[in-house]
Protein chains: 2
Amino acid sequence: MIHRMDVFPLPIARIGIIGGGQLGRMMAKAAKRIGCTCVVLDPTPGSPAGQVAGHQIVGAYHDPAKLRELAEACDVVTFDIEDIDAATLIQLGREGHNIQPPPTVLALIQDKLTQKRALSAAGIPTAPFEPMPEPSADAFAAFGYPLVQKACRGGYDGRGVSILDGPDDFDAHLPVPSLVERFIPATKELAVLVARGLDGDHRCYPAVEMRFRPGENVLEMLLAPAQIPAETAAAAEQLAVRTVDALGGVGIFGVEMFLTEAGNLLVNEVAPRTHNSGHHTIEANMTDQFEQHLRAVVGLPLGSTEQLCPAAMINLLGAPGHRGRPVIKGMAEALAIPGVCLHLYGKAATSPYRKMGHVTVLDRDIEQARIKAERVRRLIEISGEDHP
Amino acid sequence: MIHRMDVFPLPIARIGIIGGGQLGRMMAKAAKRIGCTCVVLDPTPGSPAGQVAGHQIVGAYHDPAKLRELAEACDVVTFDIEDIDAATLIQLGREGHNIQPPPTVLALIQDKLTQKRALSAAGIPTAPFEPMPEPSADAFAAFGYPLVQKACRGGYDGRGVSILDGPDDFDAHLPVPSLVERFIPATKELAVLVARGLDGDHRCYPAVEMRFRPGENVLEMLLAPAQIPAETAAAAEQLAVRTVDALGGVGIFGVEMFLTEAGNLLVNEVAPRTHNSGHHTIEANMTDQFEQHLRAVVGLPLGSTEQLCPAAMINLLGAPGHRGRPVIKGMAEALAIPGVCLHLYGKAATSPYRKMGHVTVLDRDIEQARIKAERVRRLIEISGEDHP
C-alpha cells in the first residue's frame with residue numbers, strides 16, 4: 001500500500017475495521033476525513049462505528065466467514081479490539097489480504113502470557129511473573145502474595161485481572177489459564193501511545209498519567225501530559241518505543257506502564273490498537289491517534305504528535321442500576337464550562353459501567369483541566385429509561 | 001428546545017440539514033459526537049454530508065414537499081447553504097417546526113439587496129450602494145466606476161459578483177436584478193465568525209484574514225488569527241457582533257469585512273451559516289464552528305472560542321480541465337509536513353475549481369504555517385480520471 005508515485009485515486013483505501021465500538025467510530029471519522037471508506041464488522045447492528053462508517057457487516061469477531069467477507073471487501077483490515085479469531089486472520093494474511101497490525105502480532109499480544117514472555121525475552125522491564133495454567137491455592141502460595149493474577153485470554157477494561165493480597169483472597173481468583181505476577185506498588189500508572197509506520201518510522205505521543213479509582217480497575221481520570229519530571233517522561237517514551245519495536249507491527253500501540261516508588265518504569269501491558277488513553281489526542285494533539293493509526297496502516301507518512309494544550313479526560317460510564325435507552329443529565333451545565341469537549345458514542349442502550357462516552361477538558365493549566373473534569377464527572381450522569 | 005431540566009434522552013435532537021456539502025458533512029460529524037442524529041436534504045445521492053449522517057432525503061432545496069418531509073423527520077432544521085426556498089421554510093416555521101436560524105433571517109440575508117439595506121439601516125458601515133433592478137450602461141455610469149455589481153440572488157464563492165473598472169467593462173456585467181456598490185480598495189479582507197445562542201448569548205471567534213488570488217474571487221489562503229493590530233481585531237470582532245445582532249438569528253454567522261487603506265472596517269456580507277473561513281476551528285480552537293452552531297440551534301450553552309494554535313488554511317480545488325473520479329497527487333508528501341491536517345469531502349467527481357477538500361496547517365509560528373500551506377498547495381493536485 002505504499003504509493004511510491006504519491007498518486008491516489010479516491011478512495012485512498014477501503015478500510016475494514018473489526019469491532020464497531022467507540023474506537024472504531026472515531027477511526028471511521030478520521031478515515032473519511034483523509035479520503036478512505038470504511039466497512040465495520042460487529043455483531044450489533046447499528047454499532048457506534050457502523051453509524052459513522054455507513055457500511056457494517058453484522059457478525060461475530062470469531063466468525064471465519066464474516067472475517068473473510070470483510071477482508072474481501074477491503075484493501076486493509078484493522079481492528080479496534082483484541083478478542084478476535086487470530087488464526088483466521090493469519091490464514092487470510094497468508095492468502096494475501098492486507099491486515100495491519102499483522103495478525104501474528106495480534107496473536108502474540110492477545111495471549112497475555114505470550115505477550116509477557118516476548119517482552120521479557122526482549123529485555124523489557126516488567127513485573128516478575130510465572131505461568132499459571134491451572135490456578136491452585138498451593139501454586140499461588142508458592143509464588144507468594146501479594147500477587148496479580150491475569151487471565152491469558154479475553155481480559156479488557158479491568159476484566160480478567162484479580163489482585164490478591166494474601167491466601168484469604170484466593171476465593172477471588174479466576175479459574176482459567178493465567179499468569180501470576182508480583183504486585184507492584186506503583187506511584188503512578190502511565191501510558192504512552194506509539195505509532196509505527198509500514199516503513200518502520202515511529203512517532204511517540206507524550207506520556208499520559210492514568211488515575212484509577214482506589215481498589216478498582218476503572219480509569220478515573222487521564223492527565224495529558226503526565227505530571228512527572230521531564231526525564232521520567234522521556235524514559236517512559238523511550239521504553240514504549242523499545243517495547244513496540246520488540247513486538248513488531250504497524251499502527252498505534254498503547255503501552256501501559258507502572259512508575260514504581262523507586263522511580264523505575266515497568267511495562268504492564270500493550271494494546272495493539274488505538275487506546276482509551278489517547279482520546280484527548282483528538283482535540284489536544286496535532287494528529288489524533290485515529291488518523292495516525294490509519295496513516296500507518298495505509299502507508300502514509302506519520303503526523304506530528306505535538307500536544308497543543310494540556311488535557312484531562314474522563315470516561316462517561318452508565319450509572320449503576322440503569323439500563324435501556326440512555327438519558328444524559330447535567331450535559332448543558334457541563335458544556336457551559338470552557339474547554340469541555342463531549343463525545344457520546346451513540347450506543348442504543350446503557351448498562352452499569354458501560355462506556356457511553358468521554359469528556360476531554362482542554363485548559364492551558366492542567367490543574368484547572370483536572371478540576372473542571374472532576375466537576376464534569378459530578379455533573380453528568382448517564383442513566384437509562386429502564387430502571388427501578 | 002432549551003432543556004431547563006438539563007435532562008436529555010438520547011438522541012439529544014434529530015437535526016435536519018438542508019444542503020449535503022462539506023459544511024453539512026462536518027456538521028454531521030459534530031452532531032453525532034454530541035449525541036444528535038442527522039438527516040440531510042440534498043439532490044445528489046451519497047452527498048458528502050449524507051455519507052456521514054447515514055440518512056439522506058434526496059431532493060432539491062426548493063422542493064416544498066421535500067423540505068416538509070425533512071422538517072417532519074427532525075426536531076430542528078438548519079442549513080449549510082443559502083439558496084433555499086425560504087417561503088416554504090417560513091410557512092413550516094409558522095406551523096410550529098423549529099428552524100434555526102429563523103427562515104425570516106435567511107430570507108433577509110439571501111437577497112443581497114435586502115441584506116445590505118438592513119445593515120445600512122442598523123448603522124453598520126458598508127460600501128455605499130444603490131439598487132440596480134435592471135442593469136444598464138447608463139445607470140452604471142450614473143453610479144460611477146469602479147464599482148462592484150452583486151446579483152441579488154444565488155451568488156456564492158465569488159459567483160454572482162462582477163468588478164467593473166470602467167465603462168469598457170460593461171460587457172462583463174450580470175444581466176440580473178442586482179445592487180451596485182462602490183469598489184473599496186481594501187488592504188485586507190477579514191472574516192469573523194459569531195455564534196448566537198437561543199438565549200441571545202454570543203461568542204466571537206478571533207478575526208481571520210482571507211487572502212484572495214489577485215483579480216479573482218477565489219480564496220487563496222486563510223490565516224488565523226488575522227495579522228492585524230490587536231485593536232483592529234477587537235474592532236472587527238465588535239463590528240461582527242453588532243452586525244449579527246442587527247440581523248438577529250441563532251447559530252453561526254460568517255461576517256466578511258474589508259479593512260480599508262484608511263484603517264476603517266466595512267462589512268462586505270454576512271452568511272447565516274457555518275463558513276469556509278472557520279474550517280481551521282476544527283483543529284485550532286477549543287470548540288469548532290460546527291459544534292458551536294449545533295449547540296446554538298439545539299439550545300445548549302455556547303463553547304469557548306479560544307484559539308489553541310495559529311493556523312493557515314487552503315482549499316483544495318479540482319484542477320482545471322479535469323473531471324470524473326478524483327485522483328489526488330502529492331498527498332503523501334504533504335502529509336509528511338508536521339501540522340498538516342487534511343480534509344477530503346468524499347465528492348464522487350471532481351470538476352474545475354470544485355471544492356474537493358481543504359488543508360489546515362497548525363504551527364505555533366503563523367508565518368511557518370503560511371509557508372507550509374503554500375508548499376501543500378504546490379504539492380497537492382486533484383485531477384480527475386476523465387480528462388484529455
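A residue counts as buried under 20% relative accessible area, as exposed over 50%, and as partly exposed in between (1.4 Å probe, protein chains only). By that rule A:Arg33 is buried, because its relative accessibility is 14%. The model is predicted: local features need pLDDT of at least 70, side-chain atom pairs count only at pLDDT 80 or more, and totals for chains, interfaces and linings use all residues. Residues are numbered from 1 along each chain as its sequence is written, chains are lettered from A and ligands numbered from 1 in the order in which they are written, and side-chain values use heavy atoms, with hydrogens and water left out.

The interface comes next. Contact means heavy atoms within 4.5 Å. Chain A gives 49 residues to the contact, and chain B gives 49 residues. The size of an interface is often given as the accessible area lost when the parts come together. Buried area is that loss on putting two parts together, summed over both (1.4 Å probe). Between chain A and chain B about 4,200 Å² is buried. Carbon and sulfur atoms give 58% of this area. A:Asp6, A:Leu10 and A:Arg33 supply 14% of the area that chain A buries against chain B, more than any other three residues.

Polar links also cross the interface. A polar contact is a pair of N or O atoms within 3.5 Å; within protein, one must be able to donate a hydrogen and the other to accept it, and residues adjacent in sequence count only if both atoms are side-chain atoms. The rule finds 29 residue pairs in polar contact between chain A and chain B, both residues at pLDDT 80 or more. On the side of chain A that touches chain B, the elements giving two or more residues include β1 (7–9), α1 (22–33) and β17 (323–329) of chain A. Helices (H or I, at least four residues) and strands (E, at least two) are DSSP runs, numbered from the N terminus. The residues of this side divide into 27 nonpolar, seven polar and 15 charged. Here Ala, Val, Leu, Ile, Met, Phe, Trp, Tyr, Cys and Pro count as nonpolar, Asp, Glu, Lys and Arg as charged, and the others, Gly among them, as polar.

Strands pair between the chains too. Two strands pair if DSSP finds at least two bridges between them. β1(A) runs antiparallel to strand β17 (residues 323–329) of chain B, over three bridges. A:Phe8 has B:Ile328 in β17(B) as its bridge partner.

A salt bridge places a side-chain nitrogen of Lys or Arg within 4 Å of a carboxyl oxygen of Asp or Glu. The count over all chains is 48. Two salt bridges cross the interface of chain A and chain B. The side chains of A:Glu306 and B:Arg364 form a salt bridge at 2.6 Å, N to O.

Within chain A, the side chains of A:Arg33 and A:Asp288 meet in a salt bridge (3.1 Å, N to O). A:Arg33 lies in helix α1 and A:Asp288 in the loop between α9 (281–284) and α10, so the pair ties together parts 255 residues apart in sequence. A:Asp288 is buried, because its relative accessibility is 8%.

A:Arg370 and A:Glu374 form a salt bridge at 3.8 Å, N to O. Both lie in helix α12 (residues 366–379) of chain A, four residues apart, about one turn of the helix. A:Arg370 is partly exposed, at a relative accessible area of 22%.
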